[in-house]
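Here's a quick walk through one model, written for someone who likes to know the cut-offs. Have a look at the sequence and the fold before reading on.

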Amino acid sequence: MRKKVLFLLMIFSVALSAQIKKTTPLTIDDMTDRITYGYREANNRKIDIIVIHSTYYVNADSFSVQGVLKQFKQYGVGAHYIIDRDGNIRMMVKEKDVAFHAGKSELPGTNRRMLNTNSIGIEIINTPTTPPTDQQMESLIYLVQDIKKRYPIQYVVRHSDIAPGRKTDPWCFNWAVFNQMLEYSQSEF
Ligand SMILES: [Zn+2]
């Protein structure tokens, strides 16, 4: 049974990585000039962690990027990247700067805390009951691989991994498939 599931995962990943190849390179919309909250400036920070999140607008229009930004502003939080339902990637905070996305956090198996300092945060727009779209997953893979080219990333983690009991995101997110996709896409980038 387990073998069968793994085999199916593999097929799925190969199919998806082929699709990724077709659609890349994606463009990234830089909106850092317009954002005044949710980060602090930094120079020469060490980056070795990527944290994946889910977020949505707590209103009728759950998937609205402007709604999400409005909420971030209200709470004084932010992330480096936001991926909307169509898979468009927006850069909200420059990678060199510290975004306030992880909060109270600890990297499992280490005694490292305050993980904002050394991480890049990526927000996928989806709700606890609505999975990420295929386009979002493709863009996420592309983005993670792109970041990995530029920094010695040691950890790609979920928000729930570093803030267990407090955070449950990313939601409706198949971590095993994602990691398979990452592995299979490595050679494409
Ligand atoms: Zn989160």
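What spacing do the donors of the zinc ion follow along the chain? They follow H-x105-H-x9-D. Before going further: this is a predicted model, where local features need pLDDT of at least 70, side-chain atom pairs count only at pLDDT 80 or more, and totals for chains, interfaces and linings use all residues. Residues are numbered from 1 along each chain as its sequence is written, and side-chain values use heavy atoms, with hydrogens and water left out.

**The zinc site**

The protein donors are H53 (ND1), H159 (ND1) and D169 (OD), sitting 2.0 to 2.2 Å from the zinc ion. A donor here is an N, O or S atom within 2.8 Å of the metal (3.2 Å for Na, K and Ca), and since water is not among the atoms, sites may look incomplete. H159 belongs to helix α4 (residues 159-162) while D169 is in the loop between α4 and α5 (175-185), so this pair ties together parts that are 10 residues apart in sequence. Helices (H or I, at least four residues) and strands (E, at least two) are DSSP runs, numbered from the N terminus. Both H159 and D169 are buried, where buried means under 20% relative accessible area, exposed over 50%, and partly exposed in between (1.4 Å probe, protein chains only).

For context, most residues other than glycine have a negative phi, and most peptide bonds are trans.

| Residue | Phi | Relative accessibility |
|---|---|---|
| N44 | near 55 degrees | 79%, exposed |
| C172 | near 45 degrees | 38%, partly exposed |

N44 is in the loop between β2 (39-40) and β3.

**R90 and D84**

R90 is in strand β5 (residues 89-91), and D84 is in the loop between β4 (81-83) and β5. Are they buried or exposed? R90 counts as buried at 19% relative accessibility, and D84 is buried with a relative accessible area of 7%. Their side chains are joined by a polar contact of 2.9 Å. A polar contact is a pair of N or O atoms within 3.5 Å; within protein, one must be able to donate a hydrogen and the other to accept it, and residues adjacent in sequence count only if both atoms are side-chain atoms. The D84 side chain also reaches the backbone nitrogen of D86 at 2.9 Å, and a polar atom of that side chain lies 2.9 Å from the backbone nitrogen of N88. Leaving aside neighbours within four places in sequence, D84 is in contact (heavy atoms within 4.5 Å) with V65, R90, I125 and Q136. With the neighbours up to four places away left out, R90 touches residues including D29, M31 and Y81.
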